[in-house]
Amino acid sequence: MACGSSDGSGRLRLLLELGCSLPSQELAVCSACPSPGRKQTVRRSKKQKNKSSERLSVPEDVSHACLWSGLGAARNHREVSPGVSTDVQVALDRILPELHLAISSMKQAAAPEALRKGIAEIFQLVEEAWVMPTLGRDVAKALCDVIRLEGGLDLLLNLLQGTELETKCQASKLLEQILVAENRDRIARVGLGVILNLTKERDSPQVARSLSGILEHMFKHTEETCFQLISDGGLDAILYWCRWTDLIVLRHCAMALANCAMYGGQANQRLMIEKNTAEWLFPLVFSKDDELIRLHACLAITVLATNKEIEKEVERSGTLALVEPFIASLDPERFACDLLDSSDNSQGRTAKDLQHLVPLLDSSRLEAQCIALFYLCTEAAIKARQKKTKIFSEIGAAQSLKRIVCYSTNTTASSLAKKALCMMGEEVPRRILPTVSSWKPIEVQTWLQQTGFNKYCQSFLEHEVDGDLLLRLSETDLWEDLGMASSIIRKRFFRELTELKTYANYSTCDRSNLADWLGSVDPKFRQYTYNLVTCGIDRNFLHRVTEEQLQEDCRINVGFHRVRILSAAREMLHSPLPCSGCKSTSEGPDVFISYRRSTGSQLASVFIDVEKLEAGKFEDKLIQSVMSARNFVLVLSPNTLDKCMGDPDRKDWVHKEIVTALRCGKNIIPVADQFEWPDPQDLPEDMRAVLKFNGIKWSHEYQEATIEKIIRFLQGRSSRDSSAGSENSLECAAPLGQTYNQAVPPHIL
């Protein structure tokens, strides 16, 4: 490698300028370059390199004179380096010489004061780079890479093993600032033990502030790194700090838990639950001091809830109940402005980070949709100012956002999706009327135009295809009658039609809530609702249907889907079925409200004026009222079920009401306010099935949002098994078989 040549040290210099990683053998400096005290470096064998990479070593000083010699000559050959904008290059030309001098000073410092001065100079350069408008991420990344390549990263790791607290804290503070992807790789290879050893000093506020930030970054490295951090005390340290009041530490803790949930994979999510992470997230989500802490904690608990294997345990913590009301109270554009003013978040998230949010948009959980939408909406505001909105098309977020606008019945989700699309510069589609089976031909025309099938509008109009016919269309109909000759176009059409069937509202023809039950088995099974309903099948008859009938009569062509549906239907047999004496719900009231007058009348009064109900007349028509109502709201105030225990003869009126609702297959919606559920074995057997219903935890702080949830349950959303995942999932509390005061460790309360 000839010193000063454009393909030799000039190439090395330019790569260092741009922060590019080099093979280890190319970090060798040419022996022809005079540098006092430098040893000649030779290529090492693969075995030697692997052996040396297993231990932490600080590279010897690299000569500034050799490294930067011929700088002007190289620039004469190439004015702007490939992949780097002119503005970034100009910034690097100004900062890199100062950075190199600061690194050199840090490495040559003999006294602690001089060492800390060098660290402070590097920190200032990196911090200033991060907050540069638009260019900050690119410039800061280049500086972080140069620090690693010149041995600064390894030197910081060595300093963290020292005994001088002030130097250690300053080194950890700088390390937190430079943990870009390549530097995280280096830490994971040679320095993870150093970081984990530092957690033994977790009681030091100075150490905790930076160390929690370092762990926040390392939890997004790989699943293997997450596992090692969890196994060796990293997660324990984060959970320990969750009880602190230091807002900086709590921010890092919330984001660390979110990163572990998002990047750690399902196995590590299980480990998080075993360490009671969901319970520790409760005080973070409920924090009144910092919205960013609450937002990151909401992301963490929501991601954990999307893992079906641990979903029930997450729900029991009660933390999920706080997510949607909190998101509904935020303004993403104001939040984006606050982030832009913050040195820690001014650059927003990377494309890789945002890519992990996209699957949440397609989740069956409303909380997951809302949290992902808010993050994307906030990021869209930031990227719009940076003129980098094309990042969203690269990660494929627009299609999911448009689907939410078209089909979501939740005002928070729909509003956030529209805002995000506007800020991304994408077209915002019109909302599609959910009652597809009632569509007129003109509404089918609108749907065809919105989904890109304008070419076939005339053909559909000539055949007077309405909503009912649209839901029944077969491939033969498309080909022979509607002139859709291309098999690829037919596949595209059925993909759109399947999505429409999945998110449609079937309440006008589906009296037994079959759609939501199918969604609880698997969200995509809702597409079969109309096929089953038009064959006269409801929830109570489904277990008697054969697989052949599902295929031939109901046109469910996927064999595995048929097997799963029938298996779930037969498992449902143990649940109470509607009683034969029940009146049609269309003849009675929409809602029956059951409550204990001594403790629940105040909450019940939110829905009705209880003073106007005369007890005598009420009791006379009690059973008839329950039987004729479609929905049954069970107000669970303190001690509501105490009188039900030891009541085998069903003399207690609340007991009677619950049993009647269960036997008549009502849509039961428990609403709990400071309620503790008794041991299931203490309840009479005839009412234990109410445990199968998810409940809504009443929030006095977010009363309007809670009422809105109850209303959406009443509009056709069954609460039975709802946590399993209908697309319009609205549950907002843990299953009521768990007590709410167990959600947080006692010392937190």
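Helices here are DSSP runs of H or I that are at least four residues in length, and they are numbered from the N terminus. The structure is a predicted model. A search of the whole structure finds 28 salt bridges, and the count of aromatic pairs comes to 12. The number of disulfides is 0. The largest nonpolar core has 140 residues, and a second, separate core has 27 residues.

**Nonpolar cores**

- Within the largest nonpolar core, with its 140 residues, the members that touch the most other members are Leu175, Phe219, Trp241, Leu257 and Ile327.
- Helix α23 supplies the largest share of this core, 13 residues.
- Leu257 is in contact with Leu235, Ile238, Leu239, Cys242, Met272, Thr277, Leu281, Leu284 and Ala300, leaving aside its neighbours within four places in sequence.
- The second core, of 27 residues, is separate and includes Cys406, Tyr407, Tyr456 and Leu471.

**Aromatic pairs and clusters**

- Among the 12 aromatic pairs is the one formed by Phe335 and Phe374, which is edge-to-face, with 5.4 Å centre to centre and 75° between the planes.
- This pair links distant parts of the chain, since Phe335 sits in helix α20 (residues 332-340) and Phe374 in helix α23 (residues 366-386), 39 residues apart.
- Phe335 and Phe374 are both buried.
- Tyr407 and Tyr503 also form an aromatic pair, a stacked one, with 5.4 Å centre to centre and 25° between the planes.
- Here too distant parts of the chain are linked: Tyr407 belongs to helix α25 (residues 397-407) and Tyr503 to helix α31 (residues 487-503), 96 residues apart.
- Tyr407 has a relative accessible area of 6% and is therefore buried; Tyr503, at 12% relative accessibility, is buried as well.
- One aromatic cluster is made up of Trp447, Phe453, Phe460, Phe493 and Phe494.

**Charges over rings**

- Lys173 lies over the face of Phe123, 4.8 Å from the ring centre.
- Lys656 lies over the face of Trp653, 3.9 Å from the ring centre.

**Salt bridges**

- Side chains of opposite charge can pair when their charged atoms come close.
- One of the 28 salt bridges joins the side chains of Arg116 and Glu166, at 3.6 Å from N to O.
- This pair links distant parts of the chain, with Arg116 in helix α6 (residues 112-130) and Glu166 in helix α9, 50 residues apart.
- Arg116 counts as buried because its relative accessibility is 12%, whereas Glu166 is partly exposed, with a relative accessible area of 46%.
- Glu379 and Lys383 meet through their side chains in a salt bridge of 2.8 Å, N to O.
- Glu379 and Lys383 are 4 residues apart in helix α23, so about one helical turn separates them.
- Glu379 and Lys383 are both buried.
- A salt bridge of 3.9 Å, N to O, is formed by the side chains of Asp516 and Arg526.
- Asp516 lies in helix α32 (residues 514-521) and Arg526 in the loop between α32 and α33 (529-533), so this pair ties together parts that are 10 residues apart in sequence.
- Asp516 is buried, and so is Arg526.

- Thr167 is found in helix α9 (residues 165-177).
- Its relative accessibility of 5% is under the 20% limit, so Thr167 counts as buried.
- Leaving aside its neighbours within four places in sequence, Thr167 is in contact with Pro112, Leu115, Arg116 and Leu159.
- From C-alpha to C-alpha, Thr167 and Glu113 are 8.5 Å apart in space, while in sequence they are 54 residues apart.

**Cysteines**

- The structure holds 0 disulfides.
- The closest cysteine sulfur to that of Cys535 is in Cys554, at 3.9 Å; a disulfide needs sulfur atoms within 2.5 Å, so the two are too far apart for a bond.
- Cys535 is partly exposed, at 38% relative accessibility.
- Cys337 is also partly exposed, with a relative accessible area of 28%.

Key: Residues are numbered from 1 along each chain as its sequence is written. This is a predicted model: local features need pLDDT of at least 70, side-chain atom pairs count only at pLDDT 80 or more; totals for chains, interfaces and linings use all residues. Side-chain values use heavy atoms; hydrogens and water are left out. Rings of Phe, Tyr and Trp (its six-membered ring) pair if their centres lie within 6.5 Å; planes under 30 degrees apart count as stacked, over 60 as edge-to-face and the rest as tilted. Helices (H or I, at least four residues) and strands (E, at least two) are DSSP runs, numbered from the N terminus. Buried means under 20% relative accessible area, exposed over 50%, partly exposed in between (1.4 Å probe, protein chains only). A charge sits over a ring if NZ of Lys or CZ of Arg is within 6 Å of the ring centre and within 35 degrees of the ring normal. Contact means heavy atoms within 4.5 Å. A salt bridge is a side-chain nitrogen of Lys or Arg within 4 Å of a carboxyl oxygen of Asp or Glu. A nonpolar core is a set of buried Ala, Val, Leu, Ile, Met, Phe, Trp, Tyr and Cys residues joined through side-chain atoms within 4.5 Å.
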